[in-house]
Amino acid sequence: MTSVTVVGAGVGGLTAAIALDRAGVDVTVIDPAPHADALALGSGIHLWSNAVQALGRIGLADDIAALGNPIETHRYLRADQSAMGIFDVGSASAAHGAPTVGLSRPVLHRRLIDALGVDRIRFGAAVTAVEQDDASATVTLSDGARISGDAVVGADGVSSTVRAAVTGSPAPLRYSGLTSWRGLCGYDHPALDKQAMQIYWGRGLRMVMYQVSGGLLYWLALVKAPPRGTDPVGGARAAARVHFDGWPEFMQGAIDATEEPIVHRADILRMSPTNRWGSGRITLVGDAIHAMTPDVAQGACQAIEDGVALGIAVGGDRDLPAALRRYEKVRRSRAAGLMRMSTMINRLGALDGAAGVGLRDHLFLPVVYRMQAATKAKGFLTPALGS
Ligand SMILES: Cc1cc2nc3c(=O)[nH]c(=O)nc-3n(C[C@H](O)[C@H](O)[C@H](O)COP(=O)(O)OP(=O)(O)OC[C@H]3O[C@@H](n4cnc5c(N)ncnc54)[C@H](O)[C@@H]3O)c2cc1C
């Protein structure tokens with residue numbers, strides 16, 4: 001039986017492990033987290049229809065749809081609440097055969113862990129080195145253990161150790177110019193449509209809000225700021241809120257309704273697309289190879305597409321290196337296109353001068369949103385999985 005070691009139990013690693021398992025592979029996942037509850041953390045996540053379609057290939061689409069909150073509409077607004085565009089994401093998603101949903105990250109993670117089986121995850125040790133020869137690939141763990149198998153999948157996120165082993169150097173991560181605060185709260189307001197994602201564009205500032213599982217409200221503030229900024233202990237909520245003085249009061253209300261420990265600050269980092277996704281018996285999935293800014297909400301969606309595509313490529317193929325290269329070929333241009341698109345939107349989000357913001361909000365974005373509605377985001381919502 002083919003055996004594969006997956007490094008990292010994030011969304012990408014878990015999806016890859018489930019897909020490989022379903023393809024008849026003996027799979028082991030390694031993660032430094034001490035236990036499953038420590039993995040299932042975070043606030044909210046928006047999964048586009050393309051990710052839910054991909055999850056359908058491993059039998060999880062209905063579960064994930066049922067666990068999430070259906071997002072029927074995207075509303076794009078200026079800071080004064082006037083509309084720049086509206087997208088009927090519900091109809092576009094239905095035309096593709098799977099909904100777009102807002103989920104709590106812990107709920108998504110827990111479902112993926114259950115689908116894989118928690119006994120397939122080896123907790124409490126990080127991979128420190130990867131090596132391969134013609135017949136096998138071996139990882140060394142921080143506790144000194146070594147695990148050999150037929151292949152290694154690096155799903156170990158932006159600071160990937162496996163990627164460094166493939167390319168000889170760490171990922172060239174770039175600061176996008178924006179930092180973020182995220183939160184999850186029980187908060188309701190007439191201005192907040194329960195089935196909509198609402199995106200408010202300001203000067204070097206955006207607020208994204210939508211409901212996730214369990215009727216909770218997720219908010220994400222994206223703010224132009226120097227890199228590596230920190231908040232005083234217990235001060236993340238206040239640091240986020242100050243940027244929204246003078247904005248609609250429900251934004252301040254949502255931030256105030258979020259418990260301080262749940263507010264999470266992170267700089268937004270990104271990579272540039274690359275052609276080298278693997279070598280020999282090693283390949284990469286998710287942020288390890290295509291970390292993108294969250295501006296089109298496709299980072300985890302692409303990690304899910306990667307995992308499913310990997311299972312499809314490997315299924316039944318005795319020539320594992322050839323199957324890995326086939327997987328990479330299926331995925332490269334899809335991920336690269338979305339990386340470029342999210343970087344472009346990110347740059348628009350960093351604009352803070354009156355002239356640039358005026359052009360963006362009154363000319364450019366309204367046209368972009370009209371095109372999105374007219375095309376029903378066809379290519380965007382079609383996963384690239386291979387066959
Ligand atoms: C503010 C923000 C909002 C976002 N919103 C969305 C959204 O709405 N929709 C969307 O699709 N995407 C979104 N994204 C992107 C998404 O979060 C990521 O693309 C996704 O989580 C990447 O998953 P991953 O499994 O590749 O990596 P990760 O989630 O980073 O998981 C990597 C795993 O590897 C483990 N690991 C690390 N090093 C090692 C090692 N040496 N050995 C073993 N294990 C290791 C870690 O413990 C971790 O469990 C957002 C990102 C940000 C920053």
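Is Trp247 buried or exposed? Select Trp247 and look: with a relative accessible area of 13%, this residue is buried. Keep in mind as you go that you are looking at a predicted model.

**Stop 1: aromatic pairs**

For another of them, select Trp48 and Phe380. Here the ring centres are 4.8 Å apart and the planes stand at 80°, so this pair is edge-to-face.

Now colour the chain by sequence and find where the two partners come from. Trp48 belongs to the loop between β3 (44-47) and α3 (49-56), while Phe380 belongs to the segment after α13 (354-375), so their pairing ties together parts that are 332 residues apart in sequence. Trp48 is buried, at 4% relative accessible area, and Phe380 counts as buried too, at 14%.

One more ring to visit: pick Trp201 and show Arg206. The charged end of Arg206 sits over the Trp201 ring, 4.7 Å from the centre of that ring.

**Stop 2**

How buried is Ser49? Its relative accessibility is 0%, so it counts as buried. Show its side chain and you'll find it reaching the backbone oxygen of Ala98, at 2.8 Å. Leaving out neighbours within four places in sequence, the contacts of Ser49 are Ser93, His96, Ala98, Pro99, Thr100 and Leu381.

**Stop 3: after α13**

Next, select Lys376 and Ala377. Both are in the segment after α13. Check their backbone angles: Lys376 has a positive phi of about 55° without being a glycine, and Ala377, not a glycine either, has a positive phi of about 50°. What about their surroundings? Lys376 is partly exposed, with 43% relative accessible area, whereas Ala377 is buried at 8%.

**Stop 4**

In soluble globular proteins, nonpolar side chains tend to be buried together. To see this here, start with Val6, Leu20, Leu47 and Leu310. These are the residues that touch the most other members of the largest nonpolar core, which has 104 residues. Which helix gives the most to this core? Select residues 320-350: that is helix α12, and it contributes 10 residues.

Zoom in on Leu310. Not counting residues up to four places away in sequence, Leu310 touches Ala16, Leu20, Val153, Thr283, Val285, Leu324 and Tyr327. Then select Cys185, Leu205, Trp219 and Ala236. They are among the 23 residues of another core, which lies apart from the largest one.

**Stop 4: helix α9**

Select residues 249-256, which make up helix α9. This helix is mostly covered, with 6 of its 8 residues buried. The buried ones are Phe250, Met251, Gln252, Gly253, Ala254 and Ile255.

**Stop 5: the ligand**

Last, select the ligand. It is surrounded by 32 residues, and the closest are Gly12, Asp31, Arg105, Val127 and Asp287.

A polar backbone atom of Val127 is 2.9 Å from a ligand nitrogen. Thr161 has a polar side-chain atom 3.5 Å from a nitrogen of the ligand. For Gly299, a backbone N or O atom lies 3.4 Å from a ligand nitrogen.

Finish on Gly12, one of those closest residues. Gly12 is in helix α1 (residues 11-22) and is buried, at 9% relative accessibility. Apart from residues up to four places away in sequence, Gly12 touches Ala155, Val285 and Ala303. Now show Asp287 again: along the chain, Gly12 and Asp287 are 275 residues apart, and their C-alpha atoms are separated by 8.0 Å.

Key:
Residues numbered from 1 in each chain as written. Predicted model: local features only at pLDDT ≥ 70, side-chain atom pairs only at ≥ 80, totals over all residues. Heavy atoms only, no water. Phe/Tyr/Trp six-rings, centres within 6.5 Å; stacked < 30°, edge-to-face > 60°. Helix = DSSP H or I, 4+ residues; strand = E, 2+ residues; numbered from the N terminus. Buried < 20%, exposed > 50% of the residue type's maximum accessible area, 1.4 Å probe, protein only. Lys NZ or Arg CZ within 6 Å of the ring centre and 35° of its normal. Core = buried A, V, L, I, M, F, W, Y, C linked by side-chain atoms within 4.5 Å. Contact = heavy atoms within 4.5 Å. Near = heavy atom within 4 Å. Polar contact = N/O pair within 3.5 Å; in protein donor to acceptor, adjacent residues only side chain to side chain.
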